[in-house]
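These are my notebook entries on a structure with two chains. I set down what I looked up, topic by topic.

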2 protein chains.
Amino acid sequence: MTSIKDVASRAGVSVATVSRVLNDSPAVRPGTRSRVIAAVADLGYRPNAVARSLRTHHTHTLGLVISDVLNPFFTELARAVEDAARARGYSVVIGNADERAALQDHHVRTLLERRIDGLLVSPTDGGNEVIRDAAAAGTPMVFVDRWIRGLDVPVVHADGRAAVHDLVAHLYALGHRRLAIIGGPSETTTGDERVGAFRAALEAYGLPLPREYTGQGDFQTESGRRATAAFLELPQPPEVIFAADNLMALGAMDELRRRGLRVPDDIALAAFDDIPWFLHTDPPVTAIAQPTGELGHRAVAALIDLVEGRSAASVTLTARLVTRRSCGESEGKSR
Amino acid sequence: MTSIKDVASRAGVSVATVSRVLNDSPAVRPGTRSRVIAAVADLGYRPNAVARSLRTHHTHTLGLVISDVLNPFFTELARAVEDAARARGYSVVIGNADERAALQDHHVRTLLERRIDGLLVSPTDGGNEVIRDAAAAGTPMVFVDRWIRGLDVPVVHADGRAAVHDLVAHLYALGHRRLAIIGGPSETTTGDERVGAFRAALEAYGLPLPREYTGQGDFQTESGRRATAAFLELPQPPEVIFAADNLMALGAMDELRRRGLRVPDDIALAAFDDIPWFLHTDPPVTAIAQPTGELGHRAVAALIDLVEGRSAASVTLTARLVTRRSCGESEGKSR
DNA sequence: ATGGCGGATGTAATCGTTACCACGGACCGC
DNA sequence: GCGGTCCGTGGTAACGATTACATCCGCCAT
């Protein structure tokens, strides 16, 4: 591989000068500069970011650890993050935790060894040691969507409580009284809070949320299927299933379909996180939409503030309800 | 940040010894080893992968440049790639080209500067200079799904011709005669070949593929919508639309829905690339499924062979047709 | 004429590791 | 008892960049 030395000797200058033109420092004569540029082109030289990072102590790279790449919400988030980062001259390295704490730790460790400048994480669990240590050690860090309580780390997320309330109102208006939820792992904030918001909204309508109507999922498809099966085997199954993310909703649909049940006639369905496919499912699914793109942009902005030595505050956006046909016919507006 | 030197002085040994235990070289006495390990733990030391890479000339990292993260096919591929790589001790850095050649080049350049050990790419265009240069320079490289002709780079992909033929047979049997396709950019091999396979299959049935029935898409949702709109404005619209990827199929569904057309009664729809959502769309979509996971695994295996100095050959798997209701009722088996 | 100044360039230290070589001591065989 | 091996360990030169500091040179003001 050609190095800065090769360029220097070909251009007849010192490595310092080459470095200067590469980092376009003003203090180099136009003639020299163009000779260096020519040498770079001739040799097809590409600066070695590894060496550069070793010397400068920054990598211009952000780490993003997401809970599940297969979840369209997270891939949209990842995309927004990458866009925002690139616009500011940073690249991003994604780690997919696949909803497994061990895998998440693996990625955090790897990213830390790589000396990424800052870390964006949507934690899969609650009390993570690796992440705690990193935060304590002063690694610039921002949580997106989910977070870990008790850490002094800015959080960028969307508050879904109002939307959940709207959803319950919608369901109530349609005559539904027995509502069930498939929640995420209670160690995750989103797992916890979505159930909490749902319960609070139900209370406002004087509706109970019995234990057997709170299914335990892990945000992945299969758990949605299982929880749905459990609901359906109850002596008195619910009239509505609210899945706390889109993948569990997919699982629920799998199971309903397998049993030949029709939505919304036999049972209603709603989901947290809206995705393009929900418009075309049978039937289109009522969902709570997060401002995913903005979440990503804000998170990157906050993280870069931290990385560059400024301070950053948490950001709370709001999610909104998008009603479709999956809970029953009514005003039935879509999108 | 604590370095190997700090560990060395705390353990009362030299940096060389610390390095030895870190890379578990056998030549170190158990007692010394445990003192070093203790020092590492006390200090919370994390090896600096940047420095290590500078010295060893490898990063144990693979680059993966995919055409579009928002496409479930590619995210599934990415996931498989990451799994396979991790199992072999490599990490992967993903670059999302968003179907734009310029962005793809940006990522390839960045990855090359990062000195990734090898590159997995699913090219967005046909004649890429950056990629050609990299290949010529001897960067270990493997193409997945799509490739660039005329380069001596192994290709791991799925042959869809038989499946396309089956699809056409299926459509023919259902009585369809006017079949249209929304193709990808002709510079991409998948764009090109899928149209070619479709045309060949039609010929086998004595069916024409008029120019106005070959829509020009770019593998993204919006282009599928536009091409569909164009088809529908023809004096004689097609009876079937075959989208060359799932995102364009989504766009097609958007447009059909907007116009109040029903699938398959008013028009039939099929897609290349099967995804979980297709089972639950209205109606479930007939699609050609690629062995995505295996594609990812094989590609990683081939790339690592190259990286580690072995040779690697191209791999061709085969795609298969999954019939659902979107082309009309018949035997109607699903999944 | 000379001292001073500033702009362009070179020299060399440095970042954190690894890997090569050297060294000292223990052990073995004769 | 002595030379040779082997084993555990330390010293140190790279790896490829950046950057503080030194140097050189031309020019201007006095």
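**Basis.** I note that this is a predicted model, in which local features need pLDDT of at least 70, side-chain atom pairs count only at pLDDT 80 or more, and totals for chains, interfaces and linings use all residues. Residues are numbered from 1 along each chain as its sequence is written, chains are lettered from A and ligands numbered from 1 in the order in which they are written, and side-chain values use heavy atoms, with hydrogens and water left out.

**Interface.** I recorded two salt bridges between chain B and chain A, a salt bridge being a side-chain nitrogen of Lys or Arg within 4 Å of a carboxyl oxygen of Asp or Glu. D98(A) pairs with R79(B) in a salt bridge, with 2.7 Å between the closest N and O atoms. On the side of chain B that touches chain A, α6(B) gives the most, with seven residues; helices (H or I, at least four residues) and strands (E, at least two) are DSSP runs, numbered from the N terminus. I then looked up the extent: 54 residues of chain B are in contact (heavy atoms within 4.5 Å) with 53 residues of chain A. The buried area is about 4700 Å², and carbon and sulfur atoms give 59% of it; this is the accessible area (1.4 Å probe) that two parts lose on being put together, summed over both.

**Symmetry.** I laid chain B on chain A by a turn of 180 degrees and a shift of 0.0 Å along the axis, with an RMSD of 0.1 Å; the superposition is by least squares on the C-alpha atoms of residues with pLDDT of at least 70 in both. The two copies are therefore related as by a two-fold rotation axis. The same surface serves both, as 98% of the contact residues of chain B recur in chain A.

**Backbone.** I noted a cis peptide bond from D282(A) to P283(A), with omega near -5 degrees. P283(A) sits in the loop between β9 (268–272) and β10 (286–289) of chain A. D145(B), not a glycine, has a positive phi of about 65 degrees. D145(B) belongs to the loop between β4 (141–144) and β5 (155–159) of chain B.
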